[in-house]
Amino acid sequence: MSLDKQAIRAELSAEPAYVHLNSAGASLMPRCVVDVQIEHLELEARVGGYEAEWLQRDRIEAVYDSVARLLNCEASEVAIVENATVGWMMAFYAIPFEAGDRILTVEAEYASNYLAYLQIAREKGVVVETIPSTESGEACLESLRAMIDPRVRLISVTHIPTNGGLVNPIEEIGAIARENEILYLVDACQSAGQMTLDVGRIGCDLLSATGRKFLRGPRGSGFLYASQRIIDQLHPPMIDMLGAEWVEIDSYRLRPDARRFENWESNYSAKLGLGRAIDYALDIGLEAIDVEVSRLADRLRGLLEEIPGVQLRDIGKRKCGIITFTLDGVPAAEIETRFRENNIHVSVTTPSGTLIDARRRQLPDMVRASVHYFNCESELERCASLLKDIASV
Ligand SMILES: Cc1ncc(COP(=O)(O)O)c(C=O)c1O
């Protein structure tokens with residue numbers, strides 16, 4: 001399976017001089033994703049916001065079908081929200097934790113998720129525990145099995161961490177969660193758009209992701225999958241008149257579907273942009289995208305490791321499109337600035353984004369270069385050549 005790189009690059013609006021290696025931060029939207037948003041904004045300006053929504057209601061509704069096709073679930077199991085964090089938080093804070101409940105998570109867990117665990121631990125007496133990693137860096141399945149007991153209320157796992165190429169075994173973890181009938185929440189923020197995600201195969205109850213990263217959608221867009229199995233057991237932490245109906249003066253009824261996690265007002269141009277970005281990725285094919293991202297990531301790692309003083313920091317048997325590295329004697333922020341001055345876009349990942357993993361591996365600030373299928377080898381060579389120049393000073 002191969003992809004049509006020329007057609008894909010023709011859909012880029014980025015300045016030709018730019019090398020964008022920051023899809024783990026925010027990727028580049030294809031032209032069609034930009035167009036659909038501008039069209040909707042113009043329609044809003046011409047006819048009014050509510051009227052534009054009404055005129056476009058079928059296309060807006062179809063965005064739920066797009067997310068459902070991406071995840072292999074039902075459209076009724078999808079909530080479209082402002083970002084991955086809102087999706088994740090709406091799910092997490094809906095779980096009726098009790099004192100003594102245990103939450104099992106991974107070493108490379110994302111800071112915002114861990115902060116929520118700490119808050120619930122403080123307020124409700126829940127215990128947060130980390131599943132140890134194998135030597136190669138993934139969450140250890142044997143250790144997880146040994147940790148299971150009736151007090152485990154939630155297994156909550158970041159699929160691909162913000163700080164590197166690791167890919168956690170979410171399907172295998174899902175099998176353990178299912179065997180033991182434990183609620184399972186997956187943060188797929190960095191994997192959506194980079195590889196196939198099938199919630200049936202993953203076996204998760206809840207999964208959140210964002211639009212702007214590897215899905216190449218707009219900023220301010222994200223979604224939550226909530227399995228039909230558990231929707232009616234979860235009361236959203238906040239409701240408004242979209243998530244619930246005020247039926248009697250003293251009572252309300254929650255929506256039966258995942259949209260109970262949404263709120264009434266939303267950015268419809270971003271929603272349409274998200275839908276278009278997902279359709280675009282599905283048209284190319286997530287398997288083909290995965291193959292190309294892995295190929296480019298391997299190539300960049302190969303180029304970087306030849307540079308004296310460079311330390312590649314990625315762990316995991318299988319590594320994804322996020323490449324993290326340090327250069328002896330040069331702070332990551334300085335490299336980021338030098339790159340930016342030369343039109344190469346990367347970002348810096350700091351220990352506090354994934355504190356447990358950072359402490360365990362004694363990680364400093366690192367440069368994070370993330371490749372996507374629209375990148376080409378000459379861009380990777382430019383990146384490596386600049387780093388070589390920085391290293392040789
Ligand atoms: C692993 C992971 N989870 C969640 C998030 C938060 O996503 P958002 O900014 O869309 O809320 C990020 C953002 O970088 C992330 O890397």
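Helix 8 (170–179) and helix 9 (199–202) each contribute at least two residues to the lining of the second largest pocket; helices here are DSSP runs of H or I with at least four residues, and strands are E runs of at least two, numbered from the N terminus. The largest share of that lining, three residues, belongs to helix 8. A pocket is an open set of points, on a 1 Å grid over the protein atoms alone, where a 1.4 Å probe fits, with protein on both sides within 12 Å along at least five of seven lines; lining residues have an atom within 4 Å of a point.

The model is predicted: local features need pLDDT of at least 70 and side-chain atom pairs 80 or more, while totals for chains, interfaces and linings use all residues. Residues are numbered from 1 along each chain as its sequence is written, and side-chain values use heavy atoms, without hydrogens and water.

The space taken by the ligand is the largest pocket, in the sense that more than half of the ligand's atoms lie within 2 Å of the grid points. Of the 23 residues lining the largest pocket, those closest to its centre are Tyr110, Thr162, Gln190, Lys213 and Arg368.

Two of these residues also make polar contacts, pairs of N or O atoms within 3.5 Å: a side-chain N or O atom of Gln190 is 3.0 Å from a ligand oxygen, and one of Lys213 is 2.9 Å from a ligand oxygen. For Arg212, a polar side-chain atom likewise lies 2.9 Å from an oxygen atom of the ligand.

Terms used: Polar contact = N/O pair within 3.5 Å; in protein donor to acceptor, adjacent residues only side chain to side chain.
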